[in-house]
Amino acid sequence: MAMKMNTNGFQSPKYPSFSLPAVVTTSLRSPKLFMATSSSLRSRSNEVETKVKNSPRSPCHVQITHSMPPHKIEIFKAMESWVEDNILVHLKPVENCWQPQDFLPDTASSDEFHDQVKELRERAKEIPDDYFVVLVGNMITEEALPTYQTSFNTFDGIRDETGVSPTPWAKWIRAWTAEENRHGDLLNKYLYLSGRVDMRQVEKTIQYLIGSGTDVRIENSPYRGFIYTSFQERATFFAHGNTAKHAKRHGDVKLAKICGTIASDEKRHETAYTKIVEKLFEIDPDETIIALADMMKKKITMPSHLMYDGVDDNLFNHLSTIVHRLGVYTMSDYTDIIEYFVGRWKVESLRGLSPQGQKAQEYVCRLPEHMRRLEEKIQDQAKKRPLIPFSWIYGRNV
């Protein structure tokens, strides 16, 4: 699994970051302003000043925790039987799952292994550097999985309290993590065998990222958390799917199959998270639409936004530029995702909302139109950016 676009240092809105550009937040409503004016929404929450020290791109803002009123926890407890029947079905039995070795050279035979590695490297030679930069970015994001499971277990009302909790929520968290773990494993091994990237720099980036954590501002709220994961899974589905198309275009059908298979997993997981939010809109539409608007205003940023390789202080921004330039994930894709969820969750037809809920509904429904007006500008910015050196490909410019 598991992407901030701005007008000064361009970032793709989804993968590796799928947040709104600074233009959007200033012309509509800035995240800081929203946080300051929504204190009534978070009267029970704790505010903690945080700064992640393991990355030069550390955030420094008031971190809101436990914003969900305690009585809302009962909603998630009451949903457990529904989760058992409707969400766990989106997991596959381990024996029916693909494994990384299914796509990699066969280690059982020394001769065949060497021949298959040689063939893999011959195919990889035909793929340009910028594609490998994006593929490394995808892999590093997937390899930071420990951070994502940690984040999941901060959600009030659903966390795995013991590490082996039998609740349906806890079962989902563990099994989802197990399925996602194969993604980074497969891409990591492919990149190692390809001989195209500096694996030590890649490995340093992974360690930096896991050590830095992630700061997606969910506030321990499963309302915000499941909205976030719905966006994130759909975003990574787009990204892996588009890297598959590029691999096929460059003549590597086997790499295309790897990326496409990972995309299929992301789509299945997206379906589960989307259904959870759909159910929350049914049970508690007011709290859910307020949470959705809040996440849109704060920007949905992929969990790899603290990425650092020991060299480039703006690595995440630079990666995002290449992602957008290649068309792996664009501003248009991000807007499409917003429109999709507005329709899927029937946001426009919500009724009986509080005044605050109505304002949130209005904001979310008009956001895609505003975003469309920015697409051409963002695309032009990405094209005009100068070439960027990446340590992952031995300092070469792309």
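User: Where is E180 found?

Analyst: E180 is found in helix 8 (residues 168-194). Helices are DSSP runs of H or I, at least four residues, numbered from the N terminus. This is a predicted model, where local features need pLDDT of at least 70, side-chain atom pairs count only at pLDDT 80 or more, and totals for chains, interfaces and linings use all residues. Residues are numbered from 1 along each chain as its sequence is written, and side-chain values use heavy atoms, without hydrogens and water.

User: Why does E180 count as buried?

Analyst: Buried means under 20% relative accessible area (1.4 Å probe, protein chains only). E180 has 0% relative accessibility, so E180 counts as buried.

User: What about E266: which helix is E266 found in, and why does E266 count as buried?

Analyst: E266 is found in helix 11. Its relative accessibility is 0%, so E266 counts as buried.

User: Which residues does the UniProt annotation "binding site" cover?

Analyst: The unreviewed UniProt entry lists E180, E233, E266 and H269. Such annotations may be inferred rather than shown by experiment.

User: What makes them cluster in space?

Analyst: They are spread over 90 residues of sequence, yet the largest C-alpha distance is 10.8 Å.

User: Which residues of helix 6 and helix 10 are in contact?

Analyst: Contact means heavy atoms within 4.5 Å. Y131, V134, N138 and E142 in helix 6 meet A239, H240, T243, H246 and A247 in helix 10.

User: Which residues is Y190 in contact with, leaving aside neighbours within four places in sequence?

Analyst: Y190 is in contact with L104, L120, A124, I127, F132, L135, D252, L255 and I258.

Methods
Helices (H or I, at least four residues) and strands (E, at least two) are DSSP runs, numbered from the N terminus. Buried means under 20% relative accessible area, exposed over 50%, partly exposed in between (1.4 Å probe, protein chains only).
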